[in-house]
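Thanks for coming, everyone. Please take a moment to look at the chain on the screen, and then I will walk you through a few of its helices.

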Amino acid sequence: TAIMSSINKNVDSFTVVRNLKNFMPEDQATALYGILGGKVDTLTSLPLAINVAFATALVPAISAAKAKNDTKTITEKTSFSLLVSMLIGLPCTVGMCVFAQPILNLLFPNASDGALILQISALTIIFTILDQTINGVLQGYGKLMIPTISLATGVVVKFILNITLVPNPEFGVYGAAIGSVACHLVAFCIAITALRKNIKLNLTFTKFVIKPTIATAIMGVCSYFIYLTLKGIIIERLATIIAIIFAVIIYVLAIVVLKVFSKEEIKMLPAGDKIVKVLEKFKIY
């Protein structure tokens with residue numbers, strides 16, 4: 001799996017510039033690859049660092065539960081971790097789509113090109129995070145080859161799309177971003193199919209998709225309105241920082257109000273018992 005991840009990242013290195021040179025100067029092609037492989041890849045990889053703890057912790061936890069034939073624990077831990085990954089990945093994806101240009105202006109003030117590339121590439125975040133968690137479960141369950149097979153299939157799809165879309169002037173470097181999205185989407189679909197065949201999940205569509213989507217939509221609309229309002233009053237960089245801070249606060253409140261987590265699931269979080277007591281005090285649960 002590690003080898004396939006490395007190959008996946010290197011597909012762009014030997015396909016993008018070579019194919020872009022067919023219809024643009026080499027220095028421009030190199031600059032576009034720099035945006036894709038530098039700024040964009042760095043930003044879209046950040047949310048994975050938040051989620052990696054869940055994926056890493058799942059391997060021994062699922063392995064121990066399987067050794068005891070404890071299917072209840074396997075179901076609970078897998079479902080909870082997938083829900084948390086969804087709640088991390090979805091707002092990160094939407095946030096980078098909505099605030100693509102402001103984020104680039106904030107972090108790279110002297111070279112802020114690449115907003116559309118970032119918006120397209122941001123779609124990989126949700127699939128990569130969920131796939132990361134699923135792979136942790138599958139490895140703990142003893143299905144070691146499935147993560148490798150799923151990612152290898154995704155890499156093949158990405159390679160085909162890269163050599164097909166990138167040489168086309170209508171797509172260009174955006175074809176590589178589309179290829180990355182397709183790669184992780186395919187890998188996720190294969191992994192989740194294998195997971196559902198081996199492990200029963202207690203996630204409903206409303207709990208896993210509808211409520212997180214509503215919370216994310218509320219966050220996106222409110223935070224972007226705050227950004228547009230502040231942008232005309234204070235400098236853009238400060239407006240971006242404040243809007244992102246409010247986005248986090250609004251999102252957490254939306255999750256609480258929508259009751260995405262049950263009491264038992266909240267107790268599985270760090271300081272979960274204290275959080276439950278506070279929520280009960282305010283009569284939310």
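When I say helix, I mean a DSSP run of H or I with at least four residues, and such runs are numbered from the N terminus. What we have here is a predicted model, in which local features need pLDDT of at least 70, side-chain atom pairs count only at pLDDT 80 or more, and totals for chains, interfaces and linings use all residues. Residues are numbered from 1 along each chain as its sequence is written, and side-chain values use heavy atoms, with hydrogens and water left out.

Let us begin with helix H3, residues 26-67, which bends by about 45 degrees at Asn-51, the bend being the angle between axes fitted to the seven residues ending there and the seven starting there. Just after H3 comes Asn-69, whose phi is positive, at about 55 degrees.

Next, how do H5 and H11 pack? Helix H5 (residues 100-107) and helix H11 (residues 236-257) have axes 9 Å apart and pack at an angle of about 120 degrees, where axes are lines fitted to C-alpha atoms over the stretch in contact, and angles run from 0 to 180 degrees between N-to-C directions. In H5, Pro-102, Ile-103, Asn-105 and Leu-106 meet Glu-236, Arg-237, Thr-240, Ile-241 and Ile-244 of H11, contact meaning heavy atoms within 4.5 Å.

Finally, a search of the whole structure finds six aromatic pairs, that is, rings of Phe, Tyr and Trp (its six-membered ring) with centres within 6.5 Å, counted as stacked if the planes are under 30 degrees apart, edge-to-face if over 60, and tilted for the rest. Phe-99 and Tyr-224 have ring centres 5.9 Å apart and planes at 65 degrees, so this pair is edge-to-face.

Technical notes. Helices (H or I, at least four residues) and strands (E, at least two) are DSSP runs, numbered from the N terminus.
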